[in-house]
Amino acid sequence: MNIFERLQHIDRRIMYALLVVAIAAPLIWRINLPVVVTPAVRGVYDTFDKMPADKIALIVVYWGAGTVAETGPETAAMMRQLFMQNKKFALLPFDPQGSKFATDSAKALAKEYGKKYGIDWVHWGYQPISNLVPLLQSFPGNIKGTFRTDAYGTPMDKIPMMRNVNTLRDIGVVADITSSGELDTWIAYVQATYRDAKGRYRVPMVYGPTAIIAPEGFNALDAGQIQGMLMGMKGAAEYEKLLSAEGFATRAAGALSTSHLLIVVLIILGNIGYVMSRRRGEG
Amino acid sequence: MFTRYLIKPGAPQWLWVLGVIGDFLLFGGILFAFLQAIPARFRRPFIVTLTFLAGLIYSVEFFWPADPKTQMNFLTPLRLKLGEATKVVYAFALGLGTYNLIRFHGSNLIRKRPGWHNNLAFFISFAAMMGVGFWAYYAPSSKAAANAYNMLFEGIVGALGATMFSTIGFYIVSAAYRAFRIRSGEATLMLLAAFIVMLGQVPVGAYLTSGIPSGGVLRNLRLENLSYWILSQPNMAAQRGIWFGIEIGALAMALRQWLSLERGSFFEREL
Amino acid sequence: MDHATWPTGTLVGLLSILILYKIFSARMGKELFIRKIPGLSAIEEAVGRATEMGRPMVFVPGIGGLSLATLQALSILKYVTSIAAKYRTRIIVPTIDSVVYTVAEEITKDAYTAQGVPEQFNPDDIRYLSDDQFAFASGVVGILNREKAASNFMFGLFAAEALILAETGHQVGAMQIAGTPSILQIPFFITAADYTIIGDEFYAASAYLSREPTLLGSLVGQDYAKALIILVILAGILTVSMPPLHLHGALSFLNHFADWVNWFK
Amino acid sequence: MFDWLSDSHVTTTVTMWIGALGTLAIYSILYKENPAYRLAEHIFIGAAAGYGIFITWSETLKPAWWDQITKGNWYWVFALIAGAMFYFIYSKRYVWISRIIFGTLMGLIAGGAFKAFVGVNVDRISASFKPIAGKGLNAVEIANNLLFIVVLLAVMAYFFFSFEHKTPLRRAPAQLGRWCLMFAFGAMFGFTVMARMSLLIGRIYFLLHDWLHIAR
């Protein structure tokens, strides 16, 4: 077998071994791979940046253990920006495992930035998915009446940061981080419909989907329903770069880059082998 | 009978179990006797009629105008009940699959066929997972039960499921390497689209074309934008085209099933 | 949409009538033509290959419960099993759903009996593996490897595991034919299987294989139904591209003609 | 003997080790079929089957059936009778009784098809009414909409079965349709790669970070 024929028949085990190396290397060592911040990610940053300090952000955790590699860093990076800029947020999880992951990472970040539960962040308590629509219909008009207590049973009135938070108008940004396509439900029931004595209030929204459902988000981005979007791991990495806090997503996005490059190189090698041996055959 | 008249809500569970068994035997027996009375040549027409009637409920419920306020018509409550009932009836069929598993692994184990220790492992993990499931369910306050459940669920079902899922990462590499050759026009088109979209999804792709300005017409040539355009325009149109065909195919299949026009496409043996 | 509206009900009604009309006219004995579908013509070859090599075949009827797509997969299974019975070739059917498993067992038993070899039917070859997607996939991977399958058929609903099964089949050297209405999995079958039937070729399969008048008629009816959808779409495109009408007098009722495009919303 | 189960530190460690060893055993199939994979496969299928029975009871049968009966809705007993009909497939003589329940299920599935058809397709039909002329449209939108229509029609033309693609006039749209299909399939393939790699990265990170503590 000459070299060109060999290039056409690389043993799969060699390819698999190369893939493991391509993924493990950026996870183990610091390898600086280029990350370019795309406009959609800058939109997320700017939306939180512009949020008035007297309002709070609502972080919706609509994901579980299965997608934590993508949605976990997205959630953590958003919380990091808010802590960095001394802004407050509430967690609203719809998945018990997601709730645990998000709480753990909120606690770790709070420690890093010297923030306190109840003053800088709050956990509104896990809600079952089956209750999504009724909840979205009721809470924008009456947050304390809908949730009553936080995740640990403390009445909402007793939580310092919740004192002046009563309706959707007190929420500056809704961040939907999700592995399912329920963004439209948020837009339909919360953003598009909320009205009170002062008139309509379209709450700004940002979106943190997994990569596989991200394309659906482009429509909402075009329509101005969401102000920014993180596209899975890649989006989280770009966001980490904006925050100058390169963490897991940056390393994982490095692994994404290397594994994709490996596929590209393998395909090119296969085609070189194919074209060259055909040329020889003709000659 | 028993559950209707003799046992009242609040009675102990074992009484209910007996009652359900009693009713099952009684009504099941009556139904069985009735079915036995149907002459063999009427069996097929009987099933065809049942199939038609079952389908009729759902179709009429759909076509019959609904009350604009409640979005319901006279058949909607029945449809909802039937949906629940189908779920329950379907759940009872799990025993068939489980029987097949037990028969298959059991016979290998009993006959000590080569690899019988694997069949033994099957039974151990089967019993353990089922056991801790019910333990955790019926002893919700036991910490040991919750831990044991998490250990087996996350350690086996969760971890192995995620691992099996992730093997696609390997297979996608070997499949792409083998298939994406410029053998023909079609293969080249496929390769081209895959290349652009693949690179448009990762940071390194965005880096390759980061020299192109992010404003103006030229921005469309940046890989991430090009990739998004391919996904949202030509790809979406093609998917919709396939979709209409598939859906019409399913509709035709449904019509043939409903009216039992497809004689012999599943079963041929005489009843 | 929970209930039909007048326009949507009429549309689905018209489509159904077209299909039924063609079915009944075909049953009257009208000759019908169907174009070639290469993947389906290869089924016979795949069975022959397994027979020659003396190795079994595997048929995966998807990962769906009992549904229209799974029923279609099972009717393809019936056809493949009939050929397998004719050649006395073993066929293994792993299933993910208890009810589907039961129907599959009935169908295979039936096909062996119809070919006059009921004793060839081995109940252990119709397997229920698991109702968990990836436990099922791990089981099929094991079967493909251990039984050294000579041919692998994948018809029905598939999700992510499609590529796992198809790549494993390729690695054990099986000849593979696949078809699925799950659009997102078609590319993976195309890259890893020898033949892939695309889109509604899947629903055309039983007509193509059995040549039964009912099914052929249905297929022609489906073509008419698709043509009707194309007409509706073209009419819609023309309407929304037209400038709004400002007619007066007797023709003014036409001014609202363009509103029909909102019927389907 | 089971005291250690109450200590979640111990069980978490055990969970991680079971998971890690199982992960390696599953990955070993990538090299070749071997006893470790076979064992992991059987354990996985066994646990999934046990879990399936437990979850069927706790999520379906208990709330939707048993609780109904014990609440006094006695007619749910008939669901058990209907379910029992499946089991007649094992009888030579009474096998036809199982066809009653199959037939009914098939009828229900078929009857639901009209609703399913309207539910997904009507929106897609109206979403395909894309204007190719008119006020407020720029050149890019018109070009995109024209492309959409051409691709949609070409793809649908490919799927017409009842005439041979013989004359050029008939063959050209179908051929174009096939090209569009292949291009779209390539795009779908490329798009999926990142999601699958994300999962694999997550899994390798689990091995390197949680288990071996190599990765940061």
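In this predicted model, 54 residues of chain D are in contact with 66 residues of chain C, contact meaning heavy atoms within 4.5 Å. Local features need pLDDT of at least 70 and side-chain atom pairs count only at pLDDT 80 or more, whereas totals for chains, interfaces and linings use all residues. Residues are numbered from 1 along each chain as its sequence is written, chains are lettered from A in the order in which they are written, and side-chain values use heavy atoms, with hydrogens and water left out.

**Interface of chains D and C**
- The two chains bury about 5300 Å² between them, 74% of it on carbon and sulfur atoms, where buried area is the accessible area (1.4 Å probe) lost on being put together, summed over both parts.
- Phe129(D), Phe161(D) and Phe185(D) supply 15% of the area that chain D buries against chain C, more than any other three residues.
- The rule finds three salt bridges across this interface, a salt bridge being a side-chain nitrogen of Lys or Arg within 4 Å of a carboxyl oxygen of Asp or Glu.
- Arg146(C) forms a salt bridge with Glu41(D), and their closest N and O atoms are 2.9 Å apart.

**Sheet of chain A**
- Chain A has an open sheet of six strands in the order β3-β2-β1-β4-β7-β8, with parallel pairing, where strands are DSSP runs (E, at least two residues) numbered from the N terminus and two strands pair if DSSP finds at least two bridges between them.
- The edge strands of chain A are β3 (121-123) and β8 (228-229), each of which pairs on one side only.
- Strands β4 (residues 171-178) and β7 (residues 205-209) of chain A pair in the parallel sense over five bridges, and Val206(A) in β7(A) is the bridge partner of Ala175(A).

Terms used: Helix = DSSP H or I, 4+ residues; strand = E, 2+ residues; numbered from the N terminus.
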